[in-house]
Structure formats: C-alpha cells, structure tokens
Amino acid sequence: MAIAFLERFDIDDAFYGKTISVFVRDGAAAIPAQHKKRVAVIYELSKLFEPGRSYPESEVNRIIRAYNDDYCLIRREMVSLGLMMRQNGIYTRSLD
C-alpha cells in the first residue's frame, strides 16, 4: 500500500487490512473508538469518493449513509483528517 497518509499514523498494510475486515463488511462500516483504527476506517470510506471531483453535501451524506447512519461524524472526520476539503457546502476528495 505505502500510502503516505496512512504512514503518518503508523498504519501498515497488515493493520489496515485487519482493521477493514473487522469494521467494514457486508456494506456497512462501524466506527472504532481507537484513533488509529478509526483513521483506517475513515480512509477506507473516503475511497467512496473520486479524487478531485466536487460533491454537494447532500450527496456526500447519501453516499456515507449507505455505510453508516452517523454520516455527520464521518464527513467531519474526513475533513479534519484532510481527506476531503469543504468550501461553501461543496466537498472535494483530496488527491492521495
């Protein structure tokens, strides 16, 4: 994987794979309490969005809600982690 974003949080391929297999399955995502695991899951969910494409907030909410009802938390986490940028209610997936 060697993705710079995940490396910042000391997340390697093995940890990422195991975390995703536990928390993201059957079209649903649980949000872990442990920060490192949460980052991995939020990153995985951010891959639902095409890098560089703009999305209105309602579309972001709809896409996330298909995996977890707490779309507000996930959306905020994506922005705070720098995975998405928000400007005037429009969200853009950051480039990896």
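Modeller: Contact here means heavy atoms within 4.5 Å. The model is predicted.

Biologist: Which residues of helix 3 meet helix 5?

Modeller: R38, I42, L45 and S46 in helix 3 meet L73, I74, E77 and M78 in helix 5. By class, the residues of this contact are five nonpolar, one polar and two charged.

Biologist: What makes helix 3 roughly perpendicular to helix 5?

Modeller: The axes of helix 3 (residues 35–46) and helix 5 (residues 71–80) come within 10 Å and cross at roughly 95 degrees. Angles of 65 to 115 degrees count as roughly perpendicular, so helix 3 is roughly perpendicular to helix 5.

Biologist: Why is Y43 called buried?

Modeller: Y43 lies in helix 3. Buried means under 20% relative accessible area; Y43 has 1%, and is therefore buried.

Biologist: Why do strand 3 and strand 4 stand at the edges?

Modeller: The open sheet has three strands in the order 3-5-4, with antiparallel pairing. Strand 3 (54–56) and strand 4 (84–87) each have a single partner strand, so one side of each is left without a neighbour in the sheet. On average, neighbouring strands of this sheet are turned by 30 degrees against each other, direction ignored.

Definitions and conventions. Residues are numbered from 1 along each chain as its sequence is written. This is a predicted model: local features need pLDDT of at least 70, side-chain atom pairs count only at pLDDT 80 or more; totals for chains, interfaces and linings use all residues. Side-chain values use heavy atoms; hydrogens and water are left out. Axes are lines fitted to C-alpha atoms, for helices over the stretch in contact, and angles run from 0 to 180 degrees between N-to-C directions. Helices (H or I, at least four residues) and strands (E, at least two) are DSSP runs, numbered from the N terminus. Angles under 35 degrees count as roughly parallel, over 145 as roughly antiparallel, 65 to 115 as roughly perpendicular and the rest as oblique. Ala, Val, Leu, Ile, Met, Phe, Trp, Tyr, Cys and Pro count as nonpolar, Asp, Glu, Lys and Arg as charged, and the others, Gly among them, as polar. Two strands pair if DSSP finds at least two bridges between them. Buried means under 20% relative accessible area, exposed over 50%, partly exposed in between (1.4 Å probe, protein chains only).
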